Amino acid sequence: MGDNVFLGAVAIGIGAVVGIVLFVPFVAVQYRRAGHLTAGQLVLWSAALVYFFAIWTYTLLPLPDPAGMRCAGVNLNPLELVDDIRGAAQRAGGSTRAFLTDFAFLQLALNVLLFLPLGFFVRVLARRGILVALAAGLGISLIVEFTQLTGVWGVYPCAYRVFDVDDLLTNTVGAVIGSILALLVPSRPVSDEPDAPRPVTRGRRILAMVCDLLAYALVGIFVSVGIQAALVVTGNRDVAVETDLAGQVGSVAALIIVAGCVLVSGRTIGDLTVRLRYAGGPAPAGVTRLTRLIGGIGGYALLDQLPGPWGFLTFAFLVTATILAFTTRAGRGLPGVLGGQELRDSREHGPAGRVEITRTGDARRR
């Protein structure tokens, strides 16, 4: 039980890290593929990501100690599972409870259950049917089994878990059953007009702010890690360990990138991701781009350059920006207040005239 909890925690941890790294690209793709992103979609995709890593943690971990490992065998008889079930039935002696708790039955059932979510996600998220679920179940199961058979592709001298053709069968069956069960879930039609304007909500504005913060933080981290690695490789380990040079350079690099994005396009990375823009206002475009920068991620990034004792200003700025995003008209927030602008869907323009978005989210030209 303790091992299962640990493996589940590992899957959640890895999934969370990968999810954070991929969050901004995922949101951008979703807005261009479906025109929007709902909380339900986010939850389902997050669950699918954690599930993907759960497959690997539960089938490959824990890795054995090379000094004490024993080479595992191979089962190429696809009918062995029938013998296992027949043996479980004989040992149960007619007792349903004994049969359901027999190791042989539990192993078969767990192999089916492990791949059942795969078929579910293939239908609900990828919108593909049974044949694709079958192919996905068989393909992923083959990769897992061959990874075990080859000792993680040569890391170990031999297989540390049994290559079992029965696992291929039960895993594939699980994926197919999952695809069938997914038919019971009501599905929303995919928008055939992802480029149609949508209502601008405060939730969407907050999502853009989250994307801005993640983009700024991740750029800084990636640059810092790269500089740290370069310092170590070039023999400057003392500089890497004893100074914060890498962190400072990474922070400045992130500031330059987010500022450049706003000054060139007039929109932050978050605005571009969720397809928002600021429009109107009495000032020229150059001034409004500057207010967009200072009132958003640019202001946060500038304050983030201040030394430690001034860190409270960064937090105060973030709190103020969040409050204004919830309290100002249509969530225009601090940038809208500073520039006298309104927040718009970036798709809300075209040669035929202005677009009006109704309460139901439909767009019509006027």
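A crossing of two helices is right-handed if the near helix is turned clockwise from the far one by less than a right angle, and left-handed if anticlockwise. In this predicted model, α9 passes α14 in a right-handed crossing, whereas the crossing of α2 and α5 is left-handed.

**Overall form**

The chain holds 16 helices and six strands. Its radius of gyration is 27 Å, well over the 21 Å that the globule rule gives for 366 residues, so the chain is more spread out than a compact globule. The C-alpha trace spans about 85 × 60 × 35 Å along its principal axes. Of the 366 residues, 38% are buried. Among contacts between residues at least 6 apart in sequence, 71% join residues at least 24 apart.

**Helix pairs**

Two packed helices are described by the angle between their axes and the distance between the axes. Three pairs are set out below.

| Helix pair | Angle between axes | Axis distance | Residues of the contact |
|---|---|---|---|
| α2 (39-60) and α5 (103-124) | about 150° | 10 Å | twelve nonpolar, one polar, no charged |
| α3 (80-92) and α5 | roughly 135° | within 8 Å | six nonpolar, no polar, two charged |
| α9 (202-233) and α14 (297-304) | roughly 35° | within 10 Å | five nonpolar, no polar, two charged |

Helix α5 takes part in two of these contacts, one with α2 and one with α3. Angles over 145 degrees count as roughly antiparallel, and α2 and α5 are therefore roughly antiparallel to each other. On the α2 side, the contact is made by Leu44, Ala47, Ala48, Tyr51, Ile55 and Thr59. These residues meet Leu114, Phe115, Pro117, Leu118, Phe120, Phe121 and Val124 in α5. Twelve residues of this contact are nonpolar and one is polar, with no charged residue among them. An α-helix has 3.6 residues a turn, so residues three or four places apart point the same way.

The axes of α3 and α5 cross at roughly 135°, which makes α3 oblique to α5. From α3, the residues Leu81, Asp84, Ile85, Ala88 and Arg91 meet Ala104, Phe105 and Leu108 in α5. The contact of α3 with α5 comprises six nonpolar and two charged residues, and no polar ones.

**Helix α9 and its surroundings**

In the contact of α9 with α14, Asp212, Leu213 and Tyr216 of α9 meet Ile297, Tyr300, Ala301 and Asp304 of α14. Five of the residues in this contact are nonpolar and two are charged, with no polar residue. Within α14, the buried residues are Ile297, Gly298, Gly299, Tyr300 and Ala301. The buried residues of α14 pack against α9 and also against α11 (245-265), α13 (285-294) and α15.

Leaving aside residues up to four places away in sequence, cysteine 211 touches Phe23, Val24, Val27, Gly270 and Thr273. The C-alpha atoms of cysteine 211 and valine 274 are separated by 8.9 Å, although the two residues are 63 residues apart along the chain.

Valine 210 also lies in α9, but with a relative accessible area of 35% it is partly exposed. Valine 210 and valine 155 are 55 residues apart along the chain, and their C-alpha atoms are separated by 40 Å.

**Positive phi values**

Two residues other than glycine have a positive phi, namely valine 152, near 55°, and alanine 330, near 60°. Valine 152 has its place in helix α7 (residues 151-154), where its relative accessible area of 24% makes it partly exposed. Alanine 330 lies in the loop between α15 (311-327) and α16 (333-339). Alanine 330 counts as partly exposed as well, at 28% relative accessibility.

Terms used
Residues numbered from 1 in each chain as written. Predicted model: local features only at pLDDT ≥ 70, side-chain atom pairs only at ≥ 80, totals over all residues. Heavy atoms only, no water. Axes fitted to C-alpha atoms, helices over the stretch in contact; angles between N-to-C directions. Helix = DSSP H or I, 4+ residues; strand = E, 2+ residues; numbered from the N terminus. Parallel < 35°, antiparallel > 145°, perpendicular 65-115°, else oblique. Contact = heavy atoms within 4.5 Å. Nonpolar A, V, L, I, M, F, W, Y, C, P; charged D, E, K, R; others polar. Buried < 20%, exposed > 50% of the residue type's maximum accessible area, 1.4 Å probe, protein only. Rg over C-alpha atoms; globule rule 2.2 N^0.38 Å.
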